[in-house]
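Please look at the structure first; the notes follow it.

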Amino acid sequence: MPYLHLTLGQTIPAEAQQQLASRSTALLQQLLHKRAEVTAVRIECTADAWFINGDKPAAALQPCHGEVCITAGSNSTEEKAAFLAALHALLGEICGPLPEASYLVIREIAATDWGYDGKTQASRLAARQST
C-alpha cells in the first residue's frame, strides 16, 4: 500500500501527469511488489517555488522531489535502489533533464503506524498469519 507524492518543478500537461502516475504505479508493482489497486500517487506541479544553492534554477532544468511511503521491512536494499533508479529515469523521461538536486526518498513506516481501509498493516499481517 504505497503512497507516492511527486512534486515537480514545472507544470506538465494532464496527459503527462496521467502517464507519470500509471507508470510509477507499475514500477511500484514490478520492483517493490506493491498492489496497484491500493497504490496512491499524488502529483504536484510547483514551478515557481524551487531554489537550488539559493537561486532559482534555469527554466529548462527544474528539479523534482519524490517521496514514497512503504511498510518498514517489506523490501530489500536492492529492490529499493532499483526502484529509485527507475523512478529517476522515468521523471527524466517525462519532465526532461533533471538537475543533480532532484531527490527521491523512501520512507519506511512501521506496520503499526499506518494502513488503509481502517486497518493497520500490522493487523492485516496478523490476520493473514492466523488463517
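Glu-93 is exposed, at 54% relative accessible area. The model is a predicted one. In it, Glu-93 pairs with Arg-23 in a salt bridge, one of five found in the whole structure.

**Salt bridge between the two helices**
- The closest N and O atoms of Glu-93 and Arg-23 are 2.8 Å apart.
- Glu-93 lies in helix α2 and Arg-23 in helix α1, 70 residues apart, so the pair links distant parts of the chain.
- Arg-23 is partly exposed, with a relative accessible area of 28%.

**Packing of α1 and α2**
- Helix α1 spans residues 14-32 and helix α2 residues 77-95; their axes come within 10 Å and cross at roughly 165 degrees.
- An angle over 145 degrees counts as roughly antiparallel, and α1 and α2 are therefore roughly antiparallel to each other.
- The crossing of α1 past α2 is right-handed.
- Residues making the contact include Leu-20, Leu-27 and Leu-31 of α1, and Phe-83, Leu-87 and Ile-94 of α2.
- The contact residues comprise 13 nonpolar, two polar and four charged.

- Glu-67 and Arg-107 form a salt bridge, with 2.7 Å from N to O.
- This pair joins strand β3 (residues 64-71), which holds Glu-67, to strand β4 (residues 103-109), which holds Arg-107, across 40 residues.
- Glu-67 is partly exposed at 22% relative accessibility, and Arg-107 is partly exposed at 42%.
- Glu-108 forms a salt bridge with Lys-80, and their closest N and O atoms are 3.0 Å apart.
- Glu-108 is in strand β4 and Lys-80 in helix α2, 28 residues apart.
- Glu-108 is partly exposed at 36% relative accessibility, whereas Lys-80 is buried at 17%.

Note on methods
Residues are numbered from 1 along each chain as its sequence is written. This is a predicted model: local features need pLDDT of at least 70, side-chain atom pairs count only at pLDDT 80 or more; totals for chains, interfaces and linings use all residues. Side-chain values use heavy atoms; hydrogens and water are left out. Axes are lines fitted to C-alpha atoms, for helices over the stretch in contact, and angles run from 0 to 180 degrees between N-to-C directions. Helices (H or I, at least four residues) and strands (E, at least two) are DSSP runs, numbered from the N terminus. Angles under 35 degrees count as roughly parallel, over 145 as roughly antiparallel, 65 to 115 as roughly perpendicular and the rest as oblique. A crossing is left-handed if the near helix is turned anticlockwise from the far one by less than a right angle, and right-handed if clockwise. Contact means heavy atoms within 4.5 Å. Ala, Val, Leu, Ile, Met, Phe, Trp, Tyr, Cys and Pro count as nonpolar, Asp, Glu, Lys and Arg as charged, and the others, Gly among them, as polar. A salt bridge is a side-chain nitrogen of Lys or Arg within 4 Å of a carboxyl oxygen of Asp or Glu. Buried means under 20% relative accessible area, exposed over 50%, partly exposed in between (1.4 Å probe, protein chains only).
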